[in-house]
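Visitor: Please take me on a close look at the side-chain contacts in this model. I'd like the geometry and the cut-offs as you go.

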Amino acid sequence: MRRLEVGISRMAMIIVILAVIIIAAAAGYLVFLQRAASGPATPREVMQTVRITQTTQTTPAGQTVPAAQKIKIAIVSDIGGRGDLSFNDMAFKGGDDAKRDFGVEVVELVSKKEEDYIPNLRTAAQDPNVKLIVGVGFLLTDSLAAVALEFPNKFFAGIDTSSQDVIKTRYSDRYPLPNLLDIRFEEHKGSALVGALACLLAAAYNYPHVGMVLGIEIPPLWKFEAGYKWGCSWAVDWYTTKFGKTPPGIGATQPKERVLWTYAGSFSDVTKGYSTAKPMYDKGAVAVYNVAGALGLGINQALSEIAKARNLSMGPPFWIGVDADQDWINPGFVIASMMKRVDKAVYIATKLVLENKFGDIVKRNNGVLILGIGTKIDGELAEGISVSTLQDLDEFIQMGINAERLTGKKVLPASPDEIKARVKTMRDSVPSWVWEGVKELESKIRSGEVQVPLPMKAEDIKRIREMYG
């Protein structure tokens with residue numbers, strides 16, 4: 001009797017399971033018919049369907065996690081975080097763009113001091129839904145290497161870092177670490193372009209100097225320094241060849257004295273930006289290049305005082321922005337910006353993770369990805385360096401709007417239309433041959449006809465200083 005009861009129970013269970021399968025199949029078929037009747041799916045619908053129906057995702061270690069979990073990327077800022085209108089803000093912009101295009105969730109961890117780097121990186125890595133952790137800035141190099149070793153099932157990307165060099169030196173058997181990617185830029189080339197622009201402006205307006213305020217002296221900033229000084233020298237030679245005479249103003253200045261430059265020792269102390277730039281303007285710099293993040297606001301303050309005292313509506317003198325398109329900050333006085341697209345670095349790293357190409361790129365490039373002028377990844381253009389144009393303004397005016405929302409304070413100096421009109425008027429007032437010279441240099445850099453010096457070691461930048469001051 002008991003055996004009969006067990007048999008009946010088993011039979012009932014089988015019938016129930018078969019009924020569930022038949023119902024599910026019928027429901028699926030009805031959905032198919034409804035979709036077929038409504039026409040082909042759009043690309044957006046296809047992407048949404050893929051995200052919903054995908055059941056697993058492979059991690060670096062080959063483990064799987066449910067796709068229903070929200071995929072996150074985490075951005076660990078350098079000191080200062082949001083609001084510098086430059087390096088950190090560009091990284092967060094890249095996160096916002098990735099969120100918009102890929103549907104990822106972005107976690108922001110702001111470092112107030114260097115001691116925050118490792119705790120912030122670990123906090124991000126311990127979140128089970130975070131797949132990519134981006135460390136922003138050279139100073140995170142050691143911390144990024146250490147935490148990437150601790151969490152082999154997470155992807156790590158460093159902006160301006162040399163973390164794979166740390167792995168190579170200390171853990172040679174692990175090099176290149178497969179879950180770690182250093183993303184760097186050809187800043188020396190972009191700085192050469194704005195260095196040429198600055199010195200051609202000095203020739204056009206008969207000024208004896210150009211200036212440059214740098215932040216903390218770290219190897220990535222040597223590239224800015226070398227490129228800017230070299231670009232200035234190239235421009236003087238270009239002018240001499242084109243016009244058959246030495247340029248006025250800067251042409252009479254000794255080569256080692258043409259560029260006034262200072263490492264301010266900070267990326268966040270705005271007052272140092274002011275105190276280092278003001279003497280440069282007083283000495284006769286036609287433009288000062290900001291290579292110090294938020295210190296650009298101090299440079300702007302120094303120039304604004306000069307403009308007010310002389311009742312100027314636009315330059316000269318000017319200043320030159322960095323990283324972001326900073327032309328909108330003081331339209332008419334920021335002649336251009338050397339755009340280092342940190343936002344694209346964050347975006348590209350996210351895309352590589354989502355397309356399961358991250359590890360392959362690490363392997364092929366020994367853990368280092370360079371974004372520069374004419375850069376391509378698998379045939380797709382991935383440039384990271386350029387000089388700002390009028391067309392760039394709309395995108396970066398939005399950065400000022402975002403800053404206003406975050407701080408509750410007025411940031412934009414005028415309406416977007418007025419800002420664009422002022423920048424255009426300023427650019428149109430500059431002799432056309434100035435822009436011609438910059439364009440020619442860019443063309444020669446792209447073709448490889450000229451080589452901008454790239455300092456990699458202390459002795460390299462020492463040689464640059466021996467040549468150009």
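**Side-chain contacts**

Guide: The S-S bond between C199 and C232 has a torsion of about -75°, so the disulfide is left-handed. A disulfide here is a pair of cysteine sulfur atoms within 2.5 Å, and the sulfurs of C199 and C232 are 1.7 Å apart. C199 belongs to helix α7 (residues 187-205) and C232 to helix α8 (residues 219-243), so the pair ties together parts that are 33 residues apart in sequence. Helices (H or I, at least four residues) and strands (E, at least two) are DSSP runs, numbered from the N terminus. A search of the whole structure turns up one disulfide.

Before going on, some ground rules: this is a predicted model, local features need pLDDT of at least 70, side-chain atom pairs count only at pLDDT 80 or more, and totals for chains, interfaces and linings use all residues. Residues are numbered from 1 along each chain as its sequence is written, and side-chain values use heavy atoms, with hydrogens and water left out.

Back to the cysteines. C199 is buried at a relative accessible area of 2%, and C232 is buried with a value of 2%. Buried means under 20% relative accessible area, exposed over 50%, and partly exposed in between (1.4 Å probe, protein chains only).

Helix α8 comes up again with a charged pair. E225 and R465 meet through their side chains in a salt bridge, at 2.8 Å from N to O. E225 lies in helix α8 and R465 in helix α16 (residues 458-468), so this pair ties together parts that are 240 residues apart in sequence. E225 is buried at 0% relative accessibility, while R465 is partly exposed at 23%. The cut-off is a side-chain nitrogen of Lys or Arg within 4 Å of a carboxyl oxygen of Asp or Glu. In general, side chains of opposite charge can pair when their charged atoms come close.

How many salt bridges does the structure hold? The count is 38. One of them joins D101 and R100, with 2.7 Å from N to O; D101 is partly exposed at 34%, whereas R100 is exposed at 57%. These two also take part in a network of salt bridges that links K93, D97, R100, D101, R341, D343 and E395. Another bridge brings K351 and E355 together at 2.9 Å, N to O. K351 is partly exposed at 23%, and E355 is partly exposed at 34%.

On to rings facing rings. A pair of aromatic rings is described by the distance of the centres and the angle of the planes. Rings of Phe, Tyr and Trp (its six-membered ring) pair if their centres lie within 6.5 Å; planes under 30 degrees apart count as stacked, over 60 as edge-to-face, and the rest as tilted. Searching the whole structure gives nine aromatic pairs. One of them is F102 with Y347: the centres are 4.9 Å apart and the planes are at 35°, so the pair is tilted. F102 is in helix α3 (residues 87-102) and Y347 in helix α11 (residues 342-354), so the pair ties together parts that are 245 residues apart in sequence. F102 counts as buried at 18%, while Y347 is partly exposed at 22%.

F155 and F358 form an aromatic pair that is tilted as well, with 4.8 Å between centres and 50° between planes. This pair links distant parts of the chain, from F155 in strand β6 (residues 155-159) to F358 in helix α12 (residues 358-364), 203 residues apart. F155 is buried at 12%, and F358 is buried at 0%. Elsewhere, ring pairs link Y239, F243 and W433 into a cluster.

Last stop: S111, in strand β4 (residues 105-111) and buried at 0%. Its side chain reaches the backbone oxygen of S77 at 2.7 Å, and makes a polar contact with the side chain of N120 at 3.3 Å. A polar contact is a pair of N or O atoms within 3.5 Å; within protein, one must be able to donate a hydrogen and the other to accept it, and residues adjacent in sequence count only if both atoms are side-chain atoms.
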